[in-house]
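Could you look over the notes below on the pocket and the cavity? They are set out as numbered points.

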Amino acid sequence: MVTSIAAGARAKGLPLTEAKRRARRTKLVLTDSDGVLTDNGVYYGEQGEVLKRFSIRDGMGVERLRDAGIATGIITGEKSPSVRARAEKLRIELLYLGVKDKGAALELALRDAGVGIEQAAFIGDDVNDRVALDAVGKAGLTAAPLDAMPDVVRRVHYRCRAPGGYGAFRDFAEWILNLRGYRGADA
């Protein structure tokens with residue numbers, strides 16, 4: 001169960017003390033959409049995109065991060081009305097749609113949030129996320145869903161126990177919160 005992730009869960013390439021230090025300074029968690037917040041599937045009709053599937057657990061991850069004082073944002077290559085609607089529902093103000101250069105969008109998100117890269121975390125699943133993952137990974141925390149592309153998995157600090165669209169974002173959020181020692185108001 002994603003809510004019982006031990007604070008001692010290892011961060012690949014990072015000693016536990018360093019992972020905890022990075023988690024304590026995290027103020028912004030950025031995510032890709034398709035393959036992280038969704039199961040990578042999309043349904044099309046005659047008018048184009050009809051719907052995407054999102055996990056309610058991931059929404060709770062956004063809420064728990066917010067309660068801990070950590071903002072969230074979405075950086076995606078898609079120009080999806082479904083992603084916009086989901087961001088509005090979750091009150092995610094940092095939304096970057098139709099992004100071709102995730103490195104540039106990362107810089108914009110950091111500026112818009114007023115944080116440094118060492119205060120950021122990023123979760124992505126595919127080759128177009130590598131630039132952002134590599135940049136954040138130098139000083140912040142990175143993750144990939146269980147079913148991410150192998151090249152992406154090799155780059156990140158944490159591989160989620162859940163696939164994209166089935167709680168991967170929540171898993172990453174809980175990992176960060178547990179490293180910080182945060183239990184929340186309801187704990």
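The points that follow take up the basis of the values, then the pocket, then the cavity.

1. This is a predicted model, in which local features need pLDDT of at least 70, side-chain atom pairs count only at pLDDT 80 or more, and totals for chains, interfaces and linings use all residues. Residues are numbered from 1 along each chain as its sequence is written, and side-chain values use heavy atoms, with hydrogens and water left out.

2. The helices (DSSP runs of H or I, at least four residues) α2 (56–67) and α3 (81–89) each supply at least two of the lining residues, and α2 gives the most, with five.

3. By class (Ala, Val, Leu, Ile, Met, Phe, Trp, Tyr, Cys and Pro nonpolar; Asp, Glu, Lys and Arg charged; the others, Gly among them, polar), the pocket lining has three nonpolar, one polar and five charged residues.

4. One cavity of 30 Å³ or more is counted, a cavity being a set of points where a 1.4 Å probe fits but cannot get out. The largest cavity holds about 50 Å³ of space, and its lining includes Thr 31, Leu 37, Phe 54 and Phe 169. Here too α2 gives the most, with three residues, while the lining divides into six nonpolar, three polar and two charged residues.

Key
On a 1 Å grid over the protein atoms alone, a cavity is a set of points where a 1.4 Å probe fits but cannot get out, and a pocket is an open set with protein on both sides within 12 Å along at least five of seven lines; lining residues have an atom within 4 Å of a point. Grid points are joined across faces, edges and corners, and a volume is the space filled by probe spheres set on the points.
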